[in-house]
Amino acid sequence: MIPIEASWSNAKHRAQWSSTLKRYASPVFGKLPVSEIDDGLVLRVFKTDLGNKTETAARLRGRIESVLDWARVHGYRSGENPAR
């Protein structure tokens with residue numbers, strides 16, 4: 001479960017978040033701890049099969065940013081957010 005997912009009441013929104021992160025971010029990030037995700041890894045996510053899906057790319061960047069912000073606030077990582 002994505003950390004902020006518990007606050008969502010809309011199942012469609014929950015499914016969209018999970019599916020975009022699984023499809024595009026998970027193959028690049030794998031099982032790395034969030035503390036090891038850096039600029040280079042975030043950029044590699046956007047060199048995948050996103051193609052000309054600019055809206056999907058924008059949403060995905062925001063979703064990665066949100067997850068990494070959550071991780072920072074809860075002490076799982078420090079420093080700047082590479083998705084910002």
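Student: Which pattern does the protein chain follow when read along the sequence?

Tutor: Please keep in mind that this is a predicted model. The protein chain has three helices and zero strands, and reading along the sequence therefore gives a pattern built from helices, using the DSSP runs that define them. That pattern is α-α-α.

Student: What share of the 84 residues in the protein chain is buried?

Tutor: A residue counts as buried when its relative accessible area is under 20%. The protein chain exposes about 5500 Å², with carbon and sulfur atoms supplying 52% of that area. Of the 84 residues in the chain, the buried share is 33%.

Student: At which residue does helix 1 bend?

Tutor: Helix 1 covers residues 11-29, and N10 caps its N-terminal end, with a side-chain oxygen 2.8 Å from the backbone nitrogen of K12. Just after the helix comes G30, which takes a positive phi of about 55°.

Student: Leaving out residues up to four places away in sequence, which residues does V45 touch?

Tutor: Once residues up to four places away in sequence are set aside, the residues touched by V45 are Y24, A25, V28, F29, L50, L60 and I64.

Student: How many residues apart in sequence are the parts that D49 and R23 tie together?

Tutor: D49 forms a salt bridge with R23, and the closest N and O atoms are 3.4 Å apart. D49 lies in the loop between helix 2 and helix 3, whereas R23 lies in helix 1, so the pair ties together parts of the chain whose separation in sequence is 26 residues.

Student: Why are E55 and R59 separated by about one helical turn?

Tutor: E55 and R59 form a salt bridge, with their closest N and O atoms 3.1 Å apart. E55 is partly exposed at 47% relative accessibility, and R59 is partly exposed at 45%. They are separated by about one helical turn because, within helix 3, they are four residues apart.

Student: Is E65 buried or exposed?

Tutor: E65 lies in helix 3 (residues 54-73), and its side chain meets that of R61 in a salt bridge (2.4 Å, N to O). Not counting residues up to four places away in sequence, E65 touches N81, A83 and R84. Because its relative accessible area is 15%, E65 is buried.

Student: Which residues are linked with E65 in a network of salt bridges?

Tutor: A search of the whole structure finds five salt bridges. E65 and R61 both lie in helix 3, four residues apart. The residues linked with E65 in the network are R61, D69 and R84.

Notes:
Residues numbered from 1 in each chain as written. Predicted model: local features only at pLDDT ≥ 70, side-chain atom pairs only at ≥ 80, totals over all residues. Heavy atoms only, no water. Helix = DSSP H or I, 4+ residues; strand = E, 2+ residues; numbered from the N terminus. Buried < 20%, exposed > 50% of the residue type's maximum accessible area, 1.4 Å probe, protein only. Areas by Shrake-Rupley, 256 points an atom, 1.4 Å probe, with all protein chains shown as cover. Contact = heavy atoms within 4.5 Å. Bend = angle between axes of the 7 residues up to and from the residue. Polar contact = N/O pair within 3.5 Å; in protein donor to acceptor, adjacent residues only side chain to side chain. Salt bridge = Lys/Arg side-chain N within 4 Å of Asp/Glu carboxyl O.
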